[in-house]
Amino acid sequence: MRHSGDETRHSGDETRRVAVVGGGPGGLYAAALLKRVDPAREITVWERNAPDDTFGFGVVLSDETLGGIEHADPVVHAALQRHFVRWDDIDIGHRGSRHTSGGHGFAALGRKRLLQILHDRCRSLGVDLRFRTPAPPPDVLAEAYDLVVAADGVNSAVREAYADVFRPRVTSHRCRYIWLAADFAFDAFRFEIAEAEHGVMQLHGYPFSADASTVIVEMREEVWHAAGFDELGEEESVARCAKIFADVLGGRPLKSNHSAWTTFRTVVNERWSHGNVVLLGDAAHTAHFSIGSGTKLAVEDALALTACLREQPGLAAATAAYEQERRPVVASTQRAARASLEWFEDIALHLGQSPRQFAFNLLTRSRRVTHDNLRLRDPRFTAAVEREFGCPPGTPPMFTPFRLRGLTLRNRVVVSPMDLYSATEGVPGDFHLVHLGARALGGAGLVMTEMVCVSAEGRITPGCAGLYTGRQGEAWKRITDFVHAQAPGSAIGVQLGHSGRKGSTRLMWEGMDEPLPAGNWPLVAASPLPYRPGSQTPRELSRAQLTDIREQFTAAAWRAARAGFDLLELHCAHGYLLSGFLSPLTNRRTDAYGGSLEKRLRFPLEVFDAVRGVWPEERPMTVRISATDWAEGGTTAEDAVAIARAFAAHGADAIDVSTGQVVAEERPEFGRSYQTPFADRIRHEVGIPVVAVGAISSWDDVNSLILAGRTDLCALARPHLYDPQWTLHAAAEQGYAGEGAVWPAPYRAGSRRPQTGRTDAPRPRLTLGG
């Protein structure tokens, strides 16, 4: 394999001979651009299929991508422009209703036409196109050529040849789908939902020419089997799909092109280059078709690779820059695609929504289209969804009230529990008063304490607050009194918990989860398993100790009621004591409190019942759970539904849905609002209100999630650390001044955004109008 050589040379000097494996849009566009910027290059494209062989029918490109194409190669852009069909609307059909949202702006053309344009461009530039010709083995290409571009798709042979370097992860998903076409043009992007005999099926359709449309039919694997598609040939499958969606097709047939049912696979690679071999397009990454991104990403890859080879001093620097530039963009797209894919996998959860809310939910499924964004695109549609939801005129969804038992919250914003590690002997002090009081004055509907520990041994750190002494209870009453007197529209809740095996550690900023250097106290847990290597090994709790801890929770709840808290949350998440009973990774008991999920639930439910027994009847109780451990063999999303259902049956008023922090070896899939799908599922399957939490950072996110019906409340932590008045500022930025966000009298003068400087001044006219 060739390597970069002299790093002082321009990378173009090192890439005289280029091999492109794969003649799809990404490979062809890369070949054309590389040849255009350096005509001296010798570029060969290998494609094992014929020139007009293609799988799929239409290709959608964004205006952003088209702008890049126009700048990089005006000839290709002009050819594309001649063949594009454009439209603005999305139509969503659900249970006999159809709702249309406009202002979206799509451009598409036939995949064969796109390939033809790229073939012509490559030939005009002198690229050697070799069709019906398998590429030589990757190691032969790497030795014979200066640069090898692997654009050979999701099943990339080049990637697999160097799998030990690229380290691909390929994830198969739960739906089957088939690419088809119709001989007429839809007038909008169409989503049609069919509740057939054997389950839910969906159609994705869009035009790609004046007389043709792409049609994708998709359904869960189990529905596909139950409907008998696994036993049908291609023609029979196509005819069956046309019959199922006869209404949207107007009774017209569908056609195929060697179409076969397949399962989407998400491809992620740890590295995208190896020596002089670089991955591009689906070989490097895939994103679900429901956000129309595969060809778009491949074309953008080609543009970025060409630019980096032109700009960087050597091949190694160029491939590193290419990956550095593209990886964040791709990761963002894959997160959106994953959210969209999973929404369609779980589409049955949302079928009970009204058709209009269902349409809004579908449109915002990937989190890329939001409430505010959709309001700009189509204000009439968004206003109709808001009216149906119950938003008074001029009221954003986040500022609608919500009732839990005898408590009515004035808005849907929750200040999430945040450990402060600032108590002395468990007693909250001035820091807690200012922290919680400021956020209550800041307009949140509900302000939650940190996890308040039920015993000294149940603390996480020496700085954790408690409710196991009368002095602690009095200190908390000082804080609740302040909130009720000075921020009368805000409620304050307490979260009760016990650290379990994650206790006796340093303050977070001194070493999170690190054992204390001295003064450690003994730990207890469901099973004698240390949290991580070097952590203290806890003692397994005996029956008598379980009774003692249950009584500690009860006593703390009694003190919380006397202290004046409006809501109590039982902490059964994040690997602390009660969470440790729920997870099979941390509960290895063989008695009545371990084994099956029903047995693992037994002690947390006993604690819940004991606390509910002393907590005032009119005040709500919630439960925070980890809906997944993000680790193999741990709590699953299905388990989370069962756990939530059990607590609901025992009287929980809402479930606060978090994830992870149960085992040290977890692998979370972070991203914006990444935990919300777990809350969404619990809300719809269990029928209980939920609190969504996790990387919800903007008021636009809150409005979107609430209006889509994915959650009832949104808990935010870091945004409230950044801005204690986050809720009031969200109201001001949206022009809202209603009962859902009332500024305290001393702060009212600040309820309008101040000018930021000289740039705010009116601009003088300096030119004559035409």
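**Figure 1. Cluster of aromatic rings in the predicted model.** Trp87, Phe106, Phe189, Phe191, Tyr206, Trp343, Phe344 and Phe358 are joined into a cluster by ring pairs. The model is predicted. Across the whole structure, a search finds 27 aromatic pairs.

**Figure 2. Stacked pair of Trp87 and Tyr206.** The ring centres of Trp87 and Tyr206 are 6.4 Å apart and the planes lie at 10 degrees, so the pair is stacked. Trp87 belongs to strand E4 (residues 85-87) and Tyr206 to strand E12 (residues 199-209). The pair therefore ties together parts that are 119 residues apart in sequence. Trp87 and Tyr206 are both buried.

**Figure 3. Tilted pair of Phe106 and Phe189.** Centre to centre, the rings of Phe106 and Phe189 are 5.2 Å apart, and with 55 degrees between the planes the aromatic pair is tilted. Phe106 is located in strand E7 (residues 106-110), and Phe189 in strand E11 (residues 189-196). Parts 83 residues apart in sequence are therefore tied together by this pair. Both phenylalanines, Phe106 and Phe189, are buried.

**Figure 4. Arginine side chains over phenylalanine rings.** Arg252 lies over the face of Phe184, 3.6 Å from the ring centre. Over the ring of Phe229 sits the charged end of Arg240, at 5.3 Å from the centre of that ring.

Figure 5. Strand E9 covers residues 147-150. Leu147 and Val149 point one way from E9, while Val148 and Ala150 point the other way. All of these residues are buried. Strand E1 (residues 17-21) runs parallel to E9 and is joined to it by four bridges; within this pairing, Val21 has Ala150 as its bridge partner in E9. Strand E17 (residues 277-279) also pairs with E9 in the parallel sense, over three bridges. There, Leu279 in E17 stands opposite Ala150.

Figure 6. An unreviewed UniProt entry places the feature "domain: FAD-binding" at residues 146-334. Over residues 146-334, the chain is 36% helix and 33% strand.

Figure 7. For Cys453, the closest cysteine sulfur is that of Cys464, at 4.8 Å. This is too far for a bond, because a disulfide requires the two sulfur atoms to be within 2.5 Å. Cys453 is buried, and its relative accessible area is 0%. From the sulfur of Cys572, the closest cysteine sulfur is in Cys453, 14 Å away, which is also too far for a bond. Cys572 is buried as well, with a relative accessible area of 2%.

**Figure 8. Domain 1 and domain 2.** The domain assignment divides out domain 1 (17-347) and domain 2 (412-689). Taken over C-alpha atoms, the centres of domain 1 and domain 2 are separated by 45 Å.

Definitions and conventions. Residues are numbered from 1 along each chain as its sequence is written. This is a predicted model: local features need pLDDT of at least 70, side-chain atom pairs count only at pLDDT 80 or more; totals for chains, interfaces and linings use all residues. Side-chain values use heavy atoms; hydrogens and water are left out. UniProt positions are given in the numbering used here, feature names are shortened, and annotations may be inferred rather than shown by experiment. Helices (H or I, at least four residues) and strands (E, at least two) are DSSP runs, numbered from the N terminus. Rings of Phe, Tyr and Trp (its six-membered ring) pair if their centres lie within 6.5 Å; planes under 30 degrees apart count as stacked, over 60 as edge-to-face and the rest as tilted. Buried means under 20% relative accessible area, exposed over 50%, partly exposed in between (1.4 Å probe, protein chains only). A charge sits over a ring if NZ of Lys or CZ of Arg is within 6 Å of the ring centre and within 35 degrees of the ring normal. Two strands pair if DSSP finds at least two bridges between them. Domain bounds come from an automatic or database domain assignment.
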